[in-house]
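Hi,

Here is the structure I promised to pass on. Have a look at it first, and then read on for what turned up in it.

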Amino acid sequence: MSALEFRLGCNRLGRLVLTTPDGQTHEDVVPVRAFPIAAPDQGIALLSADGHELVWIEHLDGLPAETRSLVEAALASREFMPEILRIDKVSAFATPSTWQVTTDRGATRLILRGEEDIHRLPGGVLLIADSHGVQFLIRDPARLDRHSRKLLDRFL
């Protein structure tokens with residue numbers, strides 16, 4: 001089913017409801033990005049509550065504005081991945097260590113359990129998992145300020 005053959009709305013609880021051309025409705029639909037970091041606006045699946053793909057959306061730009069807004073809002077509430085803009089301080093260069101960072105969502109702390117919790121992704125992107133399971137993103141380590149790069153290099 002293409003992205004233009006369905007209707008998407010919200011029920012009174014604010015959850016997504018998908019209506020297919022044959023009139024079937026699916027409650028609690030969940031949008032999932034295929035490539036959340038490399039191509040966040042491309043390849044989005046609308047999954048049923050039991051995890052089955054109902055609709056494949058090639059690109060968010062292909063959706064009507066209202067539908068796109070619903071999908072983007074659902075994705076934003078589902079995905080919580082602050083982007084680290086600056087590493088202000090680390091408690092120690094041995095792990096576990098506490099990092100004070102500035103993210104696109106404000107200042108916070110994370111606890112790095114070990115260097116293995118820093119994952120390198122294609123394109124130089126770094127994904128850092130803290131001890132509470134929150135994923136932090138460094139989109140381009142080379143664009144960090146000198147102080148932040150120096151601290152980060154000690155863990156890479």
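Predicted model: local features only at pLDDT ≥ 70, side-chain atom pairs only at ≥ 80, totals over all residues.

Residues are numbered from 1 along each chain as its sequence is written, and side-chain values use heavy atoms, leaving out hydrogens and water.

E72 and R68 meet at 2.8 Å, N to O. They are four residues apart in helix α1, so about one helical turn separates them. (Helices, H or I of at least four residues, and strands, E of at least two, are DSSP runs numbered from the N terminus.)

R139 pairs with E83, with the closest N and O atoms 3.5 Å apart. R139 sits in the loop between β11 and α2 and E83 in the loop between α1 and β6, so the pair ties together parts 56 residues apart. E83 is buried at 18% relative accessible area, while R139 is partly exposed at 41%. (Buried means under 20%, exposed over 50%, partly exposed in between, with a 1.4 Å probe and protein chains only.) Then there is D145 with R86, at 2.7 Å, N to O. This one links the β11-α2 loop to strand β6, 59 residues apart.

Now the sheet. Five strands make an open antiparallel sheet, ordered β1-β2-β3-β4-β5. β1 (7-10) and β5 (53-59) are at the edges with a single partner strand each, so one side of each has no neighbour in the sheet. Strands count as paired if DSSP finds at least two bridges between them; β3 (25-33) and β4 (42-47) have four. One of the residues involved is V32, whose bridge partner in β4 is A45.

Finally, take a look at T103 in strand β7 (97-103). Is T103 buried or exposed? With 5% relative accessibility, T103 counts as buried. Its side chain reaches the backbone nitrogen of R105 at 3.0 Å, and a polar atom of that side chain lies 2.7 Å from the backbone oxygen of G106.

Cheers

Notes:
Polar contact = N/O pair within 3.5 Å; in protein donor to acceptor, adjacent residues only side chain to side chain. Salt bridge = Lys/Arg side-chain N within 4 Å of Asp/Glu carboxyl O.
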